[in-house]
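Dear colleague,

I am passing on the structure below, followed by my notes on it. Please read the two side by side.

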Amino acid sequence: MGIIEEFTSIVEKKKDVMPFLKKLDKGQKKELYPALKKLDKYYSEFVQQGNGSYSSRGTESQYRILGLAEFICFNQKDFEQSTALRVVNRENLTDILPWYCPDWFNDYVDKLALKEFVPFDYDWYMDLIEQGYLQANQLMIAKILPAFIFPRQEKTWKFEYKPENLLKRAVTLQEHIWYLFEFESNLHAAEGYKKFEDDSAPGRWMYTLKRYADEGKISRERLLKESISAATKNFNQSASNWFMDLFMFLEPTKAELLYFQNDLLNTFNSANSKPYNVVLKLFKELVTDSGFVVAPFLDHVSLVLTAESKTAVSSALMLLDKLAKIYTGQREQICILSCQAFIHQDNNLQLRAAKLIKKYGVPDSGDIKEAIQSYYDALFSEAKNLLSDFSAGFDNRVVLTDDVLADSSSDLVEICLPENFDEFVFLASQSFDQNQTYHFDLLPAAMLKFQNEMTADNILKLMPAFQRAYKMITNDWTISMGYLDSMLAKFFISYGQLLVSFNPIAAEPIRIMQQSFVKLEEERKAKWDGYKIRLSGIKTWDVYTRSKGYKPHKHILLSAFSLLERKISLPLLSTPTHAPCWVSIIVLIERLSLYQRADVMPDDMDLQIAVVRCHAGNVPAAISAANENLKGEYRDLVRFILGEDYRPQKNSRMKNAWLVAGNIKSDLSCEFAWNSLVEDYVFQEYDYKVRKYFDVPAKRKVIRINFSDKQKKASAFKTILSKVLRSVEEVEPSVYDCTELKFDYISAEHNDIKRLFYLNPRQPDILIAHIIHKGLRYVDFSSENDKKLIIYTLEALLTLNYHPGTMSDLLIASCMISSDRTVRTYAAELWIKGITEENLDSSTIGKIVGKHESIELAPLKRFTDLVISNMFQISQKHNRALENLLTSCIAEMNDTTINGCKKLLEIYAEVLSINNSKVEDDRVIRKLNTWGTAEALKKVIKRITG
Amino acid sequence: MSETITYQYHKCSALNRSDSSDELFLAKYSEVQKKNVPCFFWGRLTDPYTTARCLLTLSNVVQSSFNLSPFQLALLKDPIVTAGNEKIRFEGFSHCAGVYARVDILGDGHDGEFLESGTTNVDFNQPMLSALSSIRKNENVLLSIGQKEFGLHRENENVIERKVPLPVKWIKGLTSVQMFLSESEKVHSFNRLQALQLFKTIPTGKPKTDYYLLIRGGKPMFSPVKSNDAITVGGIHRLKLIEPLLAIADELKVFPHATMQSTTWQVYIGAVRFTLSLSRDAWRGFSGEGAALDALVEDIPDHWITLVDNYSYANQEFNATLLAVNEGLDLKKIENITGRLSAIGLLGYDLDENNFFYRRLPFKLSRIMSLNPRLKDAEKLLAEGKVKIISHQDDKVEGQVEGTGVIHTVILEGAKEQCTCTWFSKNQGERGICKHILAVKKLIVN
């Protein structure tokens with residue numbers, strides 16, 4: 001029997017492999033090498049088991065046999081790529097290493113140190129070093145040492161606390177222990193999730209280190225120094241904080257603190273706030289000591305004065321105050337340094353710094369004046385008032401200009417249809433990437449345009465696009481893909497099949513490709529019964545929710561497909577001519593005239609969408625073009641869109657188009673009732689003792705849109721429209737009936753949302769109502785996709801010029817208190833845009849925020865932070881609008897104060913001050929009187945009411 | 001090719017404190033050192049505090065990673081330093097190669113001798129970094145890059161070795177980043193207050209969306225909302241790396257790339273300048289962008305490299321025309337030589353001076369040349385005969401390249417280069433040209 005057969009039999013029969021391996025010589029190992037690779041692959045393959053489940057072919061013992069053989073035969077690279085890591089343990093290698101140690105073993109183990117999981121414990125690793133198989137690797141030691149004092153009991157699987165393990169080898173405490181301070185390890189979390197058999201208390205590593213320092217086994221001085229140093233390194237936040245905690249756990253004496261002052265100052269460079277906050281607290285005791293290092297502290301204090309943590313800024317100012325009191329010669333420098341706190345848009349911090357400067361600064365000092373002046377624009381009025389002695393002669397006017405309104409028509413960016421076939425080829429290959437939202441519209445339009453150029457050569461050029469479409473349909477869903485992308489891909493491959501039927505010879509490559517993907521799908525199905533065949537055409541396409549929201553897009557693609565089937569060279573009407581979705585009316589007139597001449601009736605949905613996307617531009621020129629090129633109902637409809645008084649005849653063939661045109665013209669928006677409320681609900685909790693679910697009543701805060709009468713909602717527009725256009729008797733399903741967002745759990749809808757908005761860009765409110773209902777019921781997001789849905793919604797709204805209705809207002813106001821900062825910033829941007837363009841009522845936004853906060857739907861701090869960072873001091877116009885917003889908000893809030901009211905009122909006072917306004921709204925005056933009973937608010941309310 | 005690189009230092013870098021004056025000794029190592037150069041620079045730092053802060057920030061950049069696991073971070077790569085022409089420049093990348101940082105100590109920032117000019121790795125170890133942060137203002141600190149007293153160390157004696165995985169991304173980044181820099185223009189200049197205010201608007205956490213720098217109510221701010229004239233910054237949290245420098249900064253200048261593929265932030269503190277360049281997004285390194293690929297289409301004659309080496313000294317402004325005139329090269333052929341030379345690691349770029357400067361990366365040229373997978377793929381396509389030119393008229397070229405299961409169409413027309421492959425379709429040339437375009441171009445040129 002040859003080597004390979006013998007080994008194959010050992011694996012098959014799970015026999016003892018060691019005698020076989022021991023006798024292998026170099027040549028035999030080489031011989032076994034390729035067979036071993038094949039066997040490894042064979043046994044690792046996932047196969048369906050008898051019970052229908054999937055698992056790999058090999059058993060644990062077969063893997064062991066293969067792994068040991070690989071350890072003996074493989075080179076490092078192959079061993080790393082194999083699954084043989086599992087054989088690297090004390091039990092297996094103890095028998096092998098004395099007679100064989102691969103020359104790559106040390107390198108291999110060093111590399112393992114970079115991996116998440118290492119198969120070594122400290123004891124075994126050190127044994128291997130002592131036996132000469134390995135060289136000590138500091139990183140590996142730092143990684144495995146933390147678990148060394150927590151051995152696990154084999155029987156109970158519980159852990160023991162054995163600090164004495166560290167005493168087994170002298171080198172451990174002399175040298176290895178310090179690697180824990182040099183390399184990031186899981187020292188801080190070493191005892192987490194472990195159940196201990198003994199009664200040792202948590203914090204075992206800290207206790208161990210302190211104990212050995214107290215016993216003189218490790219240097220206390222070095223321990224203190226290394227703790228501070230580790231806290232300042234770029235370790236993760238938990239690790240860095242743990243080392244700071246360790247430093248405090250060691251209870252440094254005042255003398256020690258003074259000794260380590262310079263090291264402590266280094267914590268000011270830390271990326272986390274805890275280390276320097278702890279140090280600032282420690283310095284409170286030291287600062288008055290004669291040994292305190294004043295100059296280095298002043299060198300470093302800037303770092304904490306501009307830090308994110310307000311506690312740190314406040315502590316730093318307090319220390320500066322104490323220093324200024326003692327060191328009179330340093331007062332000017334301290335005052336100048338304190339100015340850096342003015343960078344914070346926080347009234348209290350600014351006041352604290354201003355008081356310090358007023359107390360110790362000399363108003364005549366040019367340097368202090370200069371420092372104040374550079375921050376002056378950023379100062380709140382209270383701080384400004386306090387520093388009036390220093391600011392004499394400053395230019396007090398804060399120059400805020402109102403944004404110049406951009407000319408919206410000049411902003412329009414033209415979208416070009418491919419001019420030649422090559423351009424079409426490059427469009428087709430990127431259409432499924434969503435590089436632009438309008439590529440969805442351009443692809444069918446271009447296919448119609450070039451349908452007569454489908455020669456064999458040209459089809460060959462399109463093959464990469466066909467391949468992408470097939471792959472998109474048959475591969476797994478990707479993160480950026482929407483249902484519309486799958487719809488478009490299916491449309492494209494359907495067209496491929498059409499080409500095969502039209503011209504089998506030229507389209508042969510498409511047929512071959514279709515066949516290969518059909519085969520691939522069949523193979524998948526054969527492997528797994530549950531596999532659903534994904535390959536199908538556009539006609540049967542539907543989204544799993546059966547949402548009507550996708551019908552308009554499908555309708556347009558089917559309309560294009562129908563033209564392609566009939567080889568009719570007419571364009572789609574709704575293809576955008578300007579980004580992101582607008583259709584120039586001049587182009588629409590041209591397109592309609594082509595239909596008129598061909599005597600082909602346009603598709604109803606295509607026409608409706610073309611009408612809602614219509615951009616009038618130069619009206620007289622458009623009217624003249626319509627008169628010249630169109631006649632009958634086409635001309636009447638276009639002139640109606642252009643503002644003239646026309647109405648549909650009784651036998652109209654374009655009822656829906658008239659309806660949407662009429663609706664847009666009269667600027668009607670869809671209104672839904674809404675409420676933010678605290679509601680009762682019941683959730684189920686599992687009781688492990690009785691193994692049953694129980695109903696638990698609870699309360700939650702939600703935003704509810706009233707969709708109670710769905711039928712009424714669907715017909716709401718029709719009722720309004722019937723009034724506008726009296727002649728209309730019956731209306732077919734329109735683009736409004738197809739506005740819907742339907743899902744239980746969001747899957748890929750967010751990737752489609754922009755394109756859904758661009759179906760009806762002038763009336764986004766209906767879709768917004770659905771979005772709030774589905775995605776913003778709770779202002780805190782439960783998943784990344786929920787958040788993306790809202791962000792993409794806000795992005796789409798920012799690109800549209802429309803008149804916001806109640807639902808838009810509700811969306812903007814609710815997003816202002818969202819849990820996500822990006823969402824809040826977007827909401828602020830929509831507010832800024834709305835105020836600039838004068839089409840947003842700031843009071844309404846304020847009222848909604850106030851109503852939300854009357855039940856404390858979300859922390860008020862989110863809103864106040866947003867106002868300060870993104871909505872304050874934009875322009876004079878915005879400052880006035882902000883005042884209205886805050887006035888309405890406060891008026892709407894509850895009589896009982898909530899957290900954050902003080903900050904809200906401080907901002908209100910500041911806004912009133914810069915606007916030179918006074919509170920005149922009775923509701924606000926009453927509210928302030930009620931709130932005024934709260935001690936914390938008295939001062940600021942007095943400031944507001946004067 | 002070995003996957004690791006071993007830094008060999010005679011001794012560790014350290015800040016040696018003494019009563020009269022401190023010495024910041026930086027140990028150096030280069031695998032392409034032409035001769036045994038003991039010391040590049042020895043002299044006094046005029047503003048040691050600022051220099052120390054900047055070097056610490058550089059070390060923070062070098063230690064940071066925006067897409068790797070923390071364990072890989074432990075393997076600190078050493079920055080490189082270029083000394084010469086009255087300037088000392090330290091350069092480094094984050095582990096993910098998405099953040100480039102450089103500290104330039106300009107003429108007024110030092111007072112000493114450039115004993116030799118050149119580029120080398122310098123040892124950045126933790127104790128030295130800790131010591132750096134203890135440097136105060138008005139201290140007297142000497143900087144020494146390499147050991148001045150030659151003879152203290154004999155060859156191969158007491159060599160300190162540090163083995164780290166070969167910083168492939170670094171080397172690729174160092175050969176690409178100047179392409180981005182040279183296509184960047186200054187758009188904003190902020191004083192300290194404005195800079196601090198701007199950085200206060202950086203959102204917390206690690207935002208996945210792009211942010212845009214815009215001026216609102218006279219104040220600079222970051223907003224997630226795109227507007228026409230705003231500067232695009234992806235992976236904005238990376239900017240926080242330079243936040244500690246702002247408190248001592250005189251000025252902050254912002255240089256966006258022409259097509260917003262990167263942004264460069266320069267902090268000016270006296271005679272020291274800190275440059276931070278961010279790649280387009282946190283998950284994209286400068287290394288993988290293929291910016292240098294175009295420059296590598298034509299093969300580079302070896303004697304050019306020798307010429308440049310003979311002609312230039314470290315930090316010297318690189319002037320292609322002057323080189324051509326001095327060395328008698330054909331002016332037509334020298335076109336785009338800067339691109340080609342920086343792609344093989346011979347040039348860096350100075351935004352303020354608006355020119356390339358000579359610095360030869362301290363890595364073997366063979367390593368540098370083997371690091372462009374797209375170029376290798378393109379060469380493979382050519383070798384396998386998978387590239388065909390269908391037509392070549394005036395400035396329009398149509399090519400066909402065999403892909404997996406399909407034939408890709410490549411059209412080059414003027415500056416417009418297009419391909420039907422997935423990479424190109426997705427990125428539209430923003431991340432460098434694809435292997436198909438590269439192969440067609442190579443076929444035409446060579």
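How much area is buried between chain B and chain A, and what percentage of it do carbon and sulfur atoms give? The buried area is about 4,900 Å², with 54% from carbon and sulfur atoms, where buried area is the accessible area (1.4 Å probe) that two parts lose on being put together, summed over both.

This is a predicted model, in which local features need pLDDT of at least 70 and side-chain atom pairs count only at pLDDT 80 or more, while totals for chains, interfaces and linings use all residues. Residues are numbered from 1 along each chain as its sequence is written, chains are lettered from A and ligands numbered from 1 in the order in which they are written, and side-chain values use heavy atoms, with hydrogens and water left out.

At the interface, 54 residues of chain B are in contact with 57 residues of chain A (heavy atoms within 4.5 Å). There are four salt bridges between the two chains (a side-chain nitrogen of Lys or Arg within 4 Å of a carboxyl oxygen of Asp or Glu), and B:Arg216 forms a salt bridge with A:Glu829, with 2.9 Å between the closest N and O atoms. The side of chain B that touches chain A comprises 19 nonpolar, 22 polar and 13 charged residues (Ala, Val, Leu, Ile, Met, Phe, Trp, Tyr, Cys and Pro count as nonpolar, Asp, Glu, Lys and Arg as charged, and the others, Gly among them, as polar).

Within chain A, helix H26 (residues 483–502) packs against helix H28 (residues 551–565) at an angle of about 10°, their axes being 11 Å apart (helices are DSSP runs of H or I, at least four residues, numbered from the N terminus; axes are lines fitted to C-alpha atoms over the stretch in contact, and angles run from 0 to 180 degrees between N-to-C directions). H26(A) is therefore roughly parallel to H28(A) (angles under 35 degrees).

With regards

Terms used:
Helix = DSSP H or I, 4+ residues; strand = E, 2+ residues; numbered from the N terminus. Parallel < 35°, antiparallel > 145°, perpendicular 65-115°, else oblique.
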